[in-house]
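Reader: Hi! Could you walk me through this one while I have it open?

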Amino acid sequence: SKKLIDQLFTEGKSVSAYPLRLVFMPCQFEGDLIAQTGVSVSKRHFKLAVDRNLIKRLMRESYRLNKASFFNNLSQPYAFMILYIGKDKPKYDQIEKRMQLLFEKFRKQISEK
């Protein structure tokens with residue numbers, strides 16, 4: 001929802017593994033949701049919607065394949081926004097490695113609390 005996204009960017013914390021950035025915030029959802037995630041690619045760096053959609057598909061697929069290993073141990077629900085902040089079109093293996101590094105950093109940051 002628009003409200004949740006606005007709240008995420010104003011109150012959320014972030015970790016970064018170039019070219020990805022993760023903004024996260026603990027919150028409550030109805031039902032048994034453990035994470036709600038969105039992806040975004042800047043229109044400033046990628047003018048063509050085809051390029052933005054390709055990068056978003058790569059990010060979603062990497063997230064889908066890796067989420068089980070990272071989110072099975074979460075104690076509370078989180079809202080996430082994954083942003084692509086690079087300027088070059090990535091390959092899938094680059095996104096995959098950076099996504100894993102990104103969620104490792106996220107796990108370290110929430111365990112420090």
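Reader: To start, how many helices and strands are in the chain?

Author: The chain has 3 helices and 4 strands. Helices (H or I, at least four residues) and strands (E, at least two) are DSSP runs, numbered from the N terminus. Before we go on, this is a predicted model: local features need pLDDT of at least 70, side-chain atom pairs count only at pLDDT 80 or more, and totals for chains, interfaces and linings use all residues. Residues are numbered from 1 along each chain as its sequence is written, and side-chain values use heavy atoms, with hydrogens and water left out.

Reader: Thanks. What pattern does the chain follow along the sequence?

Author: Reading along the sequence gives α-β-β-β-α-β-α.

Reader: And which strands pair with β2?

Author: Strand β1 (residues 13-17) pairs with β2 in the antiparallel sense over 5 bridges. Strand β4 (residues 78-84) is also antiparallel to β2, joined by 7 bridges. Two strands pair here if DSSP finds at least two bridges between them.

Reader: How many residues sit between β1 and β2?

Author: There are 2 residues between them, and the two strands form a hairpin. Pro19 lies in that loop, and the peptide bond from Tyr18 to Pro19 is cis, with omega near 10°. For context, most peptide bonds are trans.

Reader: Nice detail. How many residues of β2 are buried?

Author: In β2 (residues 20-26), 5 of the 7 residues are buried, so the strand is mostly covered. Buried means under 20% relative accessible area, exposed over 50%, and partly exposed in between (1.4 Å probe, protein chains only). For the chain, buried residues make up 40% of the 113 residues.

Reader: Switching to helix α2: is Ser62 buried or exposed?

Author: Ser62, which is in helix α2 (residues 49-71), is buried, because its relative accessible area is 0%. Leaving out residues up to four places away in sequence, Ser62 touches Tyr92, Ile95, Glu96 and Met99. Contact means heavy atoms within 4.5 Å.

Reader: What about Asn66, which residues does it touch?

Author: Asn66 is also placed in α2. With residues up to four places away in sequence left out again, Asn66 touches Glu96, Met99 and Gln100. Asn66 counts as buried because its relative accessibility is 8%.

Reader: Now Ile110. Where does Ile110 lie, and what does Ile110 touch?

Author: Ile110 is in helix α3 (residues 92-111). Not counting residues up to four places away in sequence, Ile110 touches Phe24, Leu74 and Tyr78. Tyr78 is the β4 residue that bridges to Pro26. From Ile110 to Glu61, 49 residues apart along the chain, the C-alpha atoms are separated by 24 Å.

Reader: Last one: what share of the contacts joins residues at least 24 apart?

Author: That share is 76%, among contacts between residues at least 6 apart in sequence.
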